[in-house]
Amino acid sequence: MNTKLPISTSWDPSSWRSFPIKQQPEYTNIEHLKSVERSLSTFPTLTSPSEIRALKRELADAVFGKAFLLQGGDCAESFAEFNEANLRSFFRVILQMTMALMYGAGRPVVKVGRIAGQFSKPRSDNIEKINDVELPSYRGDMVNAMEFDAGGRKADPDRLLRAYYQGAATLNFLRTLARGGYASLKQINRWNMEFVNSSNQGKRFAELVAQINECLSFIQACRLPLDEVEQFSEASFFASHEALLLGYESSLTRFDEFDEKWYACSAHMLWVGDRTRSPDEAHIEFLRGIANPVGMKVGPSSTVDGLLKLIDILNPENEAGRLTLITRMGAGKIDDLLPPLVRAVKNAGKNVVWACDPMHGNTIKSPNGYKTRKFTDILTEVRHFFNIHNAEGTVAGGVHFEMTGQDVTECLGGAQAISELNLSDRYHTHCDPRLNASQALELAFLIAETIKKQKKE
Ligand code: PEP
Ligand code: CO
């Protein structure tokens, strides 16, 4: 039986406006903001309801262990790092991780980027203070500038438009990569040539490529036309971001006559962050009314009752593929905090994808002042996530990473053994520290091994 819901059942894309809301910029020119939102509501959408429904079907498979969700990308996308090379290397690493996971785990991988809209950030403080100067905190390129000066830190509505245009160009390019030949398995050798070939992960991937190529020659020897089979020549790829700025989201929300539902067409999947998921506030109100797959971050403050209530609000029909719970407890806490939640959701018969975000519970400050994460903590949280689901008889359905295709030095450790002294070499993130290409691929191999081992047990 459903919990009694405090929220009224009528909904429209603007109903969130009459609810309390957290983590919003303070715009000084409201007329300007309104005019930008009006423009956005007339602009072409970035995604379509039928693509969104396709993602939901893929995620429904992940609920039952027939597919595995790989969600990843920047903590915060930036205007400055927007270029073809970065997008191509990001997509390449996602494809390489996909191959490692598919080959190791024997399941299709649902590929979802934190991309083409991941431009706004919740912050722990509204104000940043350096020496004696206090300015509004940086909230993502969609809101203000990272540079610490009064002009830059002012919330500027025109940045919503720039984020929209960058999102559109990003999605267009990713679609050309996914559908235009780059993602074809025939190109698999090329992906590695563009990668740091000499690195440990490059060598490991080369071995995997050799095995996949053997399978492909076998398939060709059977006279199966590789080029004509979509699964071999194209990749499906979806975009997601945190639904934080609801004016942007609701302006891009459209009604689809086909199934008479509302779709947020700024992305395929949207998620609600750990700080904005109160059941009686604006973000949950907005997300409950759209038909997209939605994610919800589940952090250490989550309780069994609170979680069940949110599940009923966000997924009252218990539709598989609609709701992904992205847990981010921290390596040291997951064993205590996750099992009771998993058990309660299982006992209540709720269909959800359980995904592990091993990033946000494992952020530390290095002695030299960098915000960083240890590769070992990330790996530990992922391993424990799999063990817990194995023990509870539930499905570990996916992972959620902050990662980049670039060779940055933001997280400590991994086979490259990045140390505290190395952090300053290439620390480029606009917010949280990301796994670099090599660390991300290493993690995918380790996850594939874990899944393989569990399958054998
Ligand atoms: C994020 O995913 O970048 C984020 C802010 O996460 P969380 O809401 O889990 O803290
Ligand atoms: Co982050």
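Start with ligand 1 and look at what surrounds it: Cys75, Arg114, Lys121, Pro122, Trp271, Gly273, Asp274, Arg275, Lys297, Arg328, His360 and Glu402, where a residue belongs to the surroundings if one of its heavy atoms lies within 4 Å. Keep in mind that this is a predicted model, with local features needing pLDDT of at least 70 and side-chain atom pairs counting only at pLDDT 80 or more, while totals for chains, interfaces and linings use all residues. Residues are numbered from 1 along each chain as its sequence is written, chains are lettered from A and ligands numbered from 1 in the order in which they are written, and side-chain values use heavy atoms, with hydrogens and water left out.

What kinds of residues make up that shell? Three are nonpolar, two polar and seven charged; here Ala, Val, Leu, Ile, Met, Phe, Trp, Tyr, Cys and Pro count as nonpolar, Asp, Glu, Lys and Arg as charged, and the others, Gly among them, as polar.

Now zoom in on some oxygen atoms of ligand 1. One sits 2.7 Å from a polar side-chain atom of Lys121, and Arg114 brings a polar side-chain atom to 2.9 Å from an oxygen of the ligand. Glu402 has a side-chain N or O atom 3.1 Å from a ligand oxygen. On its own, ligand 1 has 300 Å² of accessible area, and the protein covers 98% of that (areas by the Shrake-Rupley method with a 1.4 Å probe).

Next comes the metal. Which residues hold the cobalt ion, ligand 2? Cys75 (SG), His360 (NE2), Glu402 (OE) and Asp432 (OD) coordinate the ion at 2.1 to 2.4 Å. Donors are N, O and S atoms within 2.8 Å of the metal (3.2 Å for Na, K and Ca), and water is not among the atoms, so sites may look incomplete. Along the chain, the donors are spaced as C-x284-H-x41-E-x29-D. Cys75, in the loop between strand E1 (68-73) and helix H3 (84-105), is 285 residues from His360, in the loop between strand E11 (353-356) and strand E12 (364-365). Helices (H or I, at least four residues) and strands (E, at least two) are DSSP runs, numbered from the N terminus. Cys75 counts as buried because its relative accessibility is 0%, with buried meaning under 20% relative accessible area (1.4 Å probe, protein chains only).

Finally, find helix H13, residues 437-456. Of its 20 residues, 15 are buried, and Leu441 lies in this helix.

How values were computed: Buried means under 20% relative accessible area, exposed over 50%, partly exposed in between (1.4 Å probe, protein chains only). A polar contact is a pair of N or O atoms within 3.5 Å; within protein, one must be able to donate a hydrogen and the other to accept it, and residues adjacent in sequence count only if both atoms are side-chain atoms. The expected span of a helix is 1.5 Å times one less than its number of residues.
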